[in-house]
Amino acid sequence: MSELSKLITRLENGAPLPSDLYAKTGRAHIVGITGPPGVGKSSLIDRLIEEYRGQKKKVGVIAVDPTSPITGGALLGDRLRMQRHSEDNGVFIRSLATRNHRGGVTDSTPAIVHALDAAGFDVVIVETVGTGQDEVEVAEVADTVVVVLMPELGDAIQRAKSGLMEIADILVINKSDLGTTKTEAIHTSAKTGEGIPALVGAIEAHHNSLVKSAELAKRRARAARAEVIRLLQSRMSASILRALETAQSQTILNDVAERKLDPVDAVAKLTQELRHVTAKPHRHT
Amino acid sequence: MKVLIAKAGLDGHERGALVVAMGLRDAGMEVVYTGIRNTPEQIVAAAIQEDVDAIGLSSLSGGHMAQFSRVMELLKKNKFKPLVFAGGIIPDEDVKKLKKLGIREVFGPGSSITSIVEFLKKNV
Amino acid sequence: MTEQPGKFPFTRGIHATMYRGRLWTMRQYAGFGDARETNKRYRYLLDHGQTGLSMAFDLPTQIGYDSDDAMALGEVGRVGVAISSLADMEQVFSGIPLDKVSTSMTINATASILLALYLAVAEKQGVPWSKVSGTVQNDILKEYIARGTYIFPPHPSLRLIADIVEFCAKEVPGWNTISVGGYHMREAGCTAAQEIAFTLADGITYVQTCVERGLNVDDFAPRLAFFFNCHTNFFEEVAKFRAARRLWAGIMRDRFGAKNERSMMLRFHTQTAGSSLTAQQPDNNVVRTTLEALAAVLGGTQSLHTNSKDEAIALPTEESVLLALRTQQIIAHESGVTAEPDPLGGSHYVEAQTDRLEREAREYLSKIDNMGGMLKAIENGYVYKEIYRSAYEHQKAVEKKEKIIVGVNEFVSGKQLKLKTQQIDPKLEPRRRKELRALRKKRGNVQKHLATLKKAAGSSDNLTPVIIDCVRHYVTVGEICKLLRQEFGEYRANHSI
């Protein structure tokens, strides 16, 4: 437990995945849970854990919460709703802050998913923050994407959010105890437990269909590509920022500000600077 | 810095714990708050999984000796050594005893968030 | 000024003569350790002029665990007296005739059981239930957000509450069946206007529940009571009580169609604000409590608890609780403020504050109504967020010295005074374990009573008489709650800021 935990901390801080670990991944079913704030994602996951544990499956959970762009701090409150599973050795829950990442999952999420996968968890659930860019990001990480809404939000408003419906493999209307809605969806209530077995069944059915149709391989390939691109972009961003710190770069930037130099010409010059700066793995400060 | 704020035992008064949690967040820390009615076992399991740098234990109902010493015992057993601090209603005589158990500081009534933040920044 | 004391909407007081006719009840909250120690403290207070008893229970008792339960570890007898069975309750009231005192019990999730125990003791003393008087707090909604001693989810909890209201309306007419509390939400950090609004919103939910059960509002509403905080802003607090009375009278008459004036009167107990007490320079707390008590009296409270100076850090000693009681007695008998009901009525400032608080509270009530009622507002996290965000703003204000607390962030003295504080006997828990083992052995098999309880829980029967029968046969608090937890489920908190 604590070794896995320490590994996750290192990954969170930007350490690369241990070289022998990636080969051990691919077994776990990765489930992404996304949706607007307040729909009850965490409470739903609490119920899913219960159901999976009943089937003797081991569950890992990554719960992401937003870092304040102003203070740099974060209140990680998802765990509270799943805390009753803390002592279960077949469950591992880790809260992550988005840190300087603007999306719904963090830079290190794919690596942490791999860590849980390699550690033998059968299901790895990734709960996103619930903001606009989440949906696309979680689709790049998960095999099955579950979109959670609730009755009174108004289906129309929800559908209007671009990308949401396109990436949903399973649509869930939670808080069904509050009211119903005429939608093709699984109706659940985390409060009463209604619909949970059906949801787990749907997730499993989706997984099976992925496997049978070779769609799983396609998704995994997409996820791998996205992960590599992200790592590259992250590494490059770090390099760029470092390159901008040199005295030469500062001069170039000043010239642009004083309108002595055109931004496009500035980029050509700065690309020279970039070549001089070697990138190191990105660390959280 | 990552901190776990936890309430052990049956006491359900969250104001102090929540105010500290929000204060630490606004000071730039990542704070996991696990609510009320946690057993020492649940607190330590959460702390390990979250790999926190510090644990803040809140107690107002007088059960701190039994509950906090159990937390310290479990941390030792699991060889996990975050910085542990406490707050709430803890008599002076007990503060000494808690410090002997390894709790680094006890923040009684009237303590400021600023002092807790400084303490954590200095000692973690 | 057209409003009159004793006349709708009772802004100026629920009685025409208020304290000229009868003083408020001096009711100091007390209880700790075991039944024997608590009995001793009650007799001390009664001997020194206290006029009503107020029972504090330990957390295991409040949350439905016997003193020997694993969940009770470290908590037995700490914040109140440990009561697990009729034997304990009999001991608390040994030498205290229940037809001569009124007893207020701060008990919520397990209110049915503690009421049952009290009635069983009355039976054993030969006192008919028609002569018994007192209160159970019985207010679960605030537990979910500000106090934490809930057990079951809202619907079964509301059922138990309505069961008590229905039962007492017939069998125990002198009993106040719910004391709807704002004290705790205020302690948790809400503002004066929110204290009014959230309290009355809880009250509305309870009245609604009882009405939906088929009870006539005038049959039970006269026995509803309230419990408010009295905080440090003197005139705002006086105005708060006036605004609350005015609002409640209108709600009962217009929203619920009450016809009996007594249904419209907001009767309340007040406790001076625990959160205003400081551990630094504790003697200052005597001054704070005096001002707060005075505001409560000028605000027309029916019953009052004054905090002791050491309560910021411990349970009060005999000396400090005596001084707290004397504080009330001096206000009552020496200050002359009791000569006239609502003496601050007509003051431009107080009337303006009353109107402002009424307006602000109405806005909150309206918002809550639009959410679908207080239960929805609690479940969707609205109330929780309001209270604790307000608490955080207060803390920030104190740290920036925008709000001064004498002795804490200003006028600080170098010395920290040491106080002799009330201790709890460390041998208490092992002793309780022994007592309970002996009790269970002596009383024999109680399965048949538990079976009856299980059946009743699954039906729509009133559970109160069934629980009374269980406790008569020495079924324990923990045993009853274990069964009900299985039947009703347990509430799981899911709040966030």
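Here is a quick tour of a predicted model, going from chain A through chain B to chain C. Chain A comes with 10 helices and 8 strands, and chain B touches both of its partners: chain A and chain C. The largest nonpolar core holds 251 residues, and A:Val126 and C:Leu117 are the ones that touch the most other members.

**Chain A on its own**

- Chain A has 285 residues, and 42% of them are buried.
- Look at contacts in chain A with a separation of 6 or more, and you'll find that 72% of them link residues 24 or more positions apart.
- Leaving aside residues up to four places away in sequence, A:Val126 touches A:Ile30, A:Gly32, A:Ile33, A:Ile62, A:Val105, A:Thr109, A:Val113, A:Val138, A:Val141 and A:Ala142.
- As background, nonpolar side chains in soluble globular proteins tend to be buried together.

**Where chain A meets chain B**

- The contact brings together 23 residues of chain A and 25 residues of chain B.
- On the chain A side, α1 (2-12), β3 (74-76) and β4 (91-97) each put in at least two residues.
- Sort that chain A side by class and you get 9 nonpolar, 10 polar and 4 charged residues.
- Strand pairing crosses the boundary here: β3(A) runs parallel to strand β2 (residues 30-33) of chain B, and 3 bridges join them.

**A covered strand in chain B**

- Strand β3 (residues 54-59) of chain B is mostly covered, with 6 of its 6 residues buried.
- That goes for both faces of β3(B): B:Ala54, B:Gly56 and B:Ser58 are buried on one side, and B:Ile55, B:Leu57 and B:Ser59 are buried on the other.
- Strand β1 (residues 2-7) of chain B pairs with β3(B) in the parallel sense over 5 bridges.

**Where chain B meets chain C**

- Chain B gives 25 residues to this contact, and chain C gives 30.
- From chain B, helices α1 (15-26), α3 (64-77) and α5 (113-123) each supply at least two residues.
- The biggest giver on that side is α1(B), with 4 residues.
- By class, the chain B side splits into 11 nonpolar, 12 polar and 2 charged residues.

**The sheet in chain C**

- Chain C has an open sheet of 5 strands in the order β2-β3-β4-β5-β6, with parallel pairing.
- Its edges are β2 (29-30) and β6 (175-176), each of which pairs on one side only.
- Inside that order, β3 (residues 53-55) and β4 (residues 102-105) of chain C pair in the parallel sense over 3 bridges. C:Ser54 has C:Ser104 as its bridge partner in β4(C).
- Helix α4 (residues 111-125) of chain C lies across β4 and β5 (133-136), running at about 160 degrees to β5(C).

**A helix pair in chain C**

- Helices α18 (residues 447-458) and α20 (residues 477-488) of chain C pack at an angle of about 35 degrees, and their axes are 10 Å apart.
- The crossing of α18(C) past α20(C) is right-handed.
- From α18(C), the contact uses C:Leu450, C:Leu453, C:Lys454, C:Ala457 and C:Gly458, while α20(C) brings C:Glu479, C:Ile480, C:Leu483, C:Leu484 and C:Glu487.
- That contact comes out as 6 nonpolar, 1 polar and 3 charged residues.

**A buried lysine in chain C**

- C:Lys142 sits in helix α5 (residues 140-147) of chain C.
- Why does C:Lys142 count as buried? Because 27 other C-beta atoms lie within 10 Å, and the cut-off for buried is 20 or more.
- Beyond residues up to four places away in sequence, C:Lys142 touches C:Arg147, C:Gly181, C:His184, C:Met185 and C:Asp202.
- C:Ile378 is 236 residues away from C:Lys142 along the chain, yet their C-alpha atoms are separated by 9.0 Å.

Key
Residues are numbered from 1 along each chain as its sequence is written. Chains are lettered from A and ligands numbered from 1 in the order in which they are written. This is a predicted model: local features need pLDDT of at least 70, side-chain atom pairs count only at pLDDT 80 or more; totals for chains, interfaces and linings use all residues. Two residues are in contact if their C-beta atoms, placed from the backbone, lie within 7 Å. Ala, Val, Leu, Ile, Met, Phe, Trp, Tyr, Cys and Pro count as nonpolar, Asp, Glu, Lys and Arg as charged, and the others, Gly among them, as polar. Two strands pair if DSSP finds at least two bridges between them. A nonpolar core is a set of buried Ala, Val, Leu, Ile, Met, Phe, Trp, Tyr and Cys residues joined through C-beta atoms within 7 Å. A residue is buried if 20 or more other C-beta atoms lie within 10 Å of its own, exposed if 12 or fewer, and partly exposed in between; C-beta atoms are placed from the backbone. Axes are lines fitted to C-alpha atoms, for helices over the stretch in contact, and angles run from 0 to 180 degrees between N-to-C directions. A crossing is left-handed if the near helix is turned anticlockwise from the far one by less than a right angle, and right-handed if clockwise.
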